[in-house]
Amino acid sequence: MTKLQKKTIWLVLAIIFFTCKEAFAYIGPGAGFAFISSFFFLIATFFVALFSLLIWPIRFLVTWMRRRKVLARASAKRLVIVGLDGLDPDLVQGLMDKGKMPNFTKLAQQGSFQKLGTSCPALSPVAWSSFMTGCNPARHNIYDFLSRDPQTYLPTLSSAHIGPSKRTLKVGKYAIPLGKPSIKLLRKSKPFWRVLGEHGIFSTVIRVPITFPPERFNGLLLSGMCVPDLRGSQGTFSFYSSREAAEGETTGGIRIAVKKQSNVVRGHLVGPPNSISQRNEDLSIPFEISLSGEKARVVLPDQSFELKKGQYSPWIRLSFKAGLKITVQGIARFMITETGQEFNMYVSPIHIDPGKPAFAISHPRAYALYLSKLLGPYATLGLAEDTWALNEEIINDQAFLDQVYLNHAEREKMLFDALEKNRNGLVVCVFDTTDRIQHMFFRYLNPHHPALKDKDRTEHAGAIEDLYRRMDNLIGRIKERLGDGDEFIVMSDHGFKDFSRGVNINSWLWSNGYMVLKEGGCEGMWLSNVDWSRTRAYAIGLTGIYLNFKGREAHGIVEPGQEEAALKAEIIAKLSGLKDDGNGSGVAINRVWDRSEIYRGGPYQKNAPDMIVGYNEGYRASWDCAQGRVTNEVFEDNIKAWSGDHCVDPAMVPGVLFTSFKLNRDSPRIIDIAPTALALLGTGIPAYMEGKSLIAN
Amino acid sequence: MTTLSNSIAFVFDLFMWSFNGLHPIWSMTVISALTGVLMLIIYKYTSNQAEIRKVKDWIKANFLAIILYKDSLKVLFSSTGHIFRANLRYMRLNLVPLLFMIVPVGLLIVQMNFWYGYKPFEPGESILVKATLANVGDLMKAEVSLVVPEGVEIQTPPLRIPNNSEVNWRLGTKQKGHYEIKIHVGGQEMTKTLVVSDRMERLSLLRHASGFWDGLLYPGERVIPSSSLVRSIEVHYQPVFMGVLGWDVHWIIVYFVLSIFFGLALKGVFRVHI
Amino acid sequence: MFGPKVKLSNELYAKLKKYADLAGYSSVEEFVTHTLEKEVAQFEQGDSEEDIKAKLQGLGYIS
């Protein structure tokens, strides 16, 4: 059929449709479905468009009134900031020198390329909080991933507190929450996009860490790092295996035993805890999988889909029924990892469905929904890349890379959409890809890394270089979309270093008499066996040491004043320059800071750990230390795939700063970015910001 | 086609008989619900569900874009354009299921029209009967007469309209009943049913000679043989409106609204994207 | 932004503004909120150990 014939047929059908009134009646509900939906869209569009058009002049006038002063001062019409979490300046420079980063090189030549001083400690939540507020941690209150509750000595997430709904209605076996869960942002101060908003400048902010829960401002924001999964955790995968003794918890996930009979596997998909049931039970969805060679058909109650061994499914929408007609909606990816005699299947953490979020993950709430309609379901979990599944060897290197790049592709689309639509203000987007792949593949840069012992060192040896080159390509594609009046910043929050050896500060404190254990010794997580009535210091988080302070901690014994100062000085002196006897007496800790040295002039200084540890390259807090376990050994090899890190002396891991404009000085710091952005877009720099603008007046 | 139509009529009569004596809205509601479900199933399997979902998501995304980027005229115009274009695509995607639905719904609507569209005559009411004849030469001179049973009376002599080959009579009804009137033309006799009643009944408006559309649309009576001098006999029953919440509404509107309501209400149950 | 409002005297507000700036707060609201939260914190209970473990699960750096 020719195109003309086809067109003619459509035309005739359309004429019949619209001219014959009986047709309307005779086609009944079939046409009704189409017409009603269609007319609804058209009428709604018409009214929204008309309304927008009518109020546009008023909005324009109001915005212009607010912006006219800043417009006169602004040197950029639009500022685009792309964050590549953890991009390391030495690695970039090395590849630039080899001519492998043409787009970064071009950007450096056009504007500038410098190392960017990071926060202390050099952790993403701390650094990105400093980026957005232009302040040191004493003013934004984020000192680590973890904080601690001085009453219980238990760690808490530093950035947000998620509590249950305050009131519940009990009906039989159900406790129905009345109202939303209470979610509180613990990061303080004010992000610079809020300052821009106050001056009428619109921003689109995508996945910047520590933006959950989202704050109201003049713009759009999709929350990033620390958005929980549907279980309320930072990411819990599930692993279904036909092998015996598979059942139980594993770090970062749950293992579930399933029965494989001939070629059929049956089981239950584990979901979030049933928040309305008074019994402590998880929601679940039954599944049946029919295997045929390396292919499988997964049947869930309301859908079915094909899987191929070693390949991820697209995002699958999962509806967990909690009872009383309440459903909880999430999305997950499936991957079958073994199909022979035994059956293994990995299911990603269940992300909050952006199409039906259980709570706000964007500002306004409709932005997350808009993106899901535009792109389909996308990763919403803060730390969306499942590092623990690779650490625990549930998935392999390739599967991890595939997962990361799938998420990355979604993020790119979000950024390009923002670049297309927001042409007059601020666009910020942070990519986690760089951080996650470096964490998990840094071992390939160190041929002696303990995690590579007896492992293939070649297959993914080029993963990091490939990552950097992909990022260079991304920068090139972004630059193509920029126009006159646009300024461009590419930055990272910190660099990267090898992590081969772990240091357990709590074990050191115990062996040096600063910590006392109850009978039973080294047992349990989260310092559960510590005798607090006789302990003077303890470590929680990745770099912090706290004193057991009288009047602050529940069972504090260290007196403020002289005793406090002497104890701190003693610990700092002993730990600074600490040598690792198991590794040729290399220095494991460069130095330890008293908080009063580094955090000054901020209202939240008192929430800081009393001391901050600056590890040497190659070291970090050990896995046991991070989990609050006190062990006999202070040092241990890191044999996990998580082999690169940045929780070291901040001087060793600066980030990168590429700008499309010249800087007014050397040694920029991450707290200088917010004032620079404000200066470029013409607003004044508020007094609370400690950073200084990097543009020449 | 007539046989098919007649079989449907038979099933439909049985169905309607079970609602005997009830307000028509009850049977209408049940038919609408059943149609809604049937249409959903047809829609699900004859439409491109994935594409429909995609187009609708695209429309919604652009709709939200207008609201989210409310200060941008560029977004307003481009998104509005996208929505209009996507709507055309959406309608085009609906054409295929529509073609599949036209047949069953059309047949059903024909049947419903005989029940809901007209009311039987009431005793004492005047009736217009129209016979269309084949070529009988000079119509004014042709031998045409009407014989009516007891309970019906002929009120006027035949009115002949040669240009249309048409003969009309006005009849009067005296009492309730199912009647058969007979038309004599050139020695041939042809009958037509006539219902005088105060209840809802299936009515046959037209008895016709064979023909695809007539067979489809008027299946109530036996087809007039092609050799007959009578081409069709038509009885003008009065159209009736359905009383819904104090409003008089044409039945097709009620059916349209109710079936769409059920279709939309049940689309989640049948997992259909409309 | 649309939450409950508390009335303060102009005099107190002026003082709060001055000290908020000096202390490094980004706004008077932040200063007032922080001050009040500190007071309220002593009456509030923390999460259970189980809750805490569940919430931290999957945090790549830790567990």
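Below are my entries, starting with the chains and ending with the salt bridges. I kept in mind throughout that this is a predicted model.

**Entry 1: who touches whom**

I looked up the chain pairs. There are 2 pairs of chains in contact, and chains A and B share the most contacts. Chain B and chain C do not touch, and I get 19 Å between their nearest C-alpha atoms.

**Entry 2: the contact of B with A**

How many residues does each chain bring to this contact? I find 52 residues from chain B and 47 residues from chain A. Between them, about 4,500 Å² is buried, and carbon and sulfur atoms give 78% of that. I then checked who contributes on the B side: Leu68(B), Tyr69(B) and Phe256(B) supply 16% of the area chain B buries against chain A, more than any other three residues.

Next came the polar part. The rule finds 2 salt bridges across this interface. I noted one of them, Asp71(B) with Arg59(A), where the closest N and O atoms are 2.6 Å apart. I also get 3 residue pairs in polar contact between chain B and chain A, with both residues at pLDDT 80 or more.

Which elements of chain B give two or more residues to the side that touches chain A? They are helix 2 (24-46), helix 3 (49-68), helix 4 (73-117) and helix 6 (251-266). Helix 4 of chain B has the largest share, with 20 residues. Sorted by class, that side of chain B has 34 nonpolar, 9 polar and 9 charged residues.

**Entry 3: chain C**

I turned to chain C next. Its secondary structure comes to 3 helices and 0 strands, in the pattern α-α-α along the sequence. Of its 63 residues, 33% count as buried. Chain C exposes about 4,500 Å², and 58% of this comes from carbon and sulfur atoms.

I also looked for a charged pair involving chain C. Glu37(C) makes a salt bridge with Lys188(A), closest N and O atoms 3.2 Å apart. This pair crosses between chains: Glu37(C) is in helix 2 (residues 28-41) of chain C, while Lys188(A) is in the loop between strand 8 (182-185) and helix 7 (192-198) of chain A. Why does Lys188(A) count as buried? Its relative accessibility is 12%, and the cut-off for buried is under 20%. Glu37(C), at 26%, counts as partly exposed.

**Entry 4: salt bridges within chain A**

I picked out a few in chain A. Lys640(A) pairs with Glu392(A), with 3.9 Å between the closest N and O atoms. Lys640(A) is in the loop between strand 35 (635-637) and strand 36 (644-645), and Glu392(A) is in the loop between helix 9 (387-391) and helix 10 (397-421), so the pair ties together parts 248 residues apart in sequence.

Arg443(A) and Asp397(A) also meet in a salt bridge, 2.9 Å from N to O. Arg443(A) sits in the loop between helix 11 (433-441) and helix 12 (463-480) and Asp397(A) in helix 10, so this pair ties together parts 46 residues apart in sequence. Both Arg443(A) and Asp397(A) are buried.

I also found a network of salt bridges linking Arg148(A), Arg552(A), Glu553(A), Arg595(A) and Asp610(A).

**Entry 5: Ser622(A)**

Ser622(A) is in the loop between strand 34 (618-621) and helix 16 (623-626) of chain A. Leaving aside neighbours within four places in sequence, I find Ser622(A) in contact with Gly502(A), Val503(A), Asn504(A) and Glu636(A).

Definitions and conventions. Residues are numbered from 1 along each chain as its sequence is written. Chains are lettered from A and ligands numbered from 1 in the order in which they are written. This is a predicted model: local features need pLDDT of at least 70, side-chain atom pairs count only at pLDDT 80 or more; totals for chains, interfaces and linings use all residues. Side-chain values use heavy atoms; hydrogens and water are left out. Contact means heavy atoms within 4.5 Å. Buried area is the accessible area (1.4 Å probe) that two parts lose on being put together, summed over both. A salt bridge is a side-chain nitrogen of Lys or Arg within 4 Å of a carboxyl oxygen of Asp or Glu. A polar contact is a pair of N or O atoms within 3.5 Å; within protein, one must be able to donate a hydrogen and the other to accept it, and residues adjacent in sequence count only if both atoms are side-chain atoms. Helices (H or I, at least four residues) and strands (E, at least two) are DSSP runs, numbered from the N terminus. Ala, Val, Leu, Ile, Met, Phe, Trp, Tyr, Cys and Pro count as nonpolar, Asp, Glu, Lys and Arg as charged, and the others, Gly among them, as polar. Buried means under 20% relative accessible area, exposed over 50%, partly exposed in between (1.4 Å probe, protein chains only). Accessible areas come from the Shrake-Rupley method with a 1.4 Å probe; for residues, only the protein chains shown count as cover.
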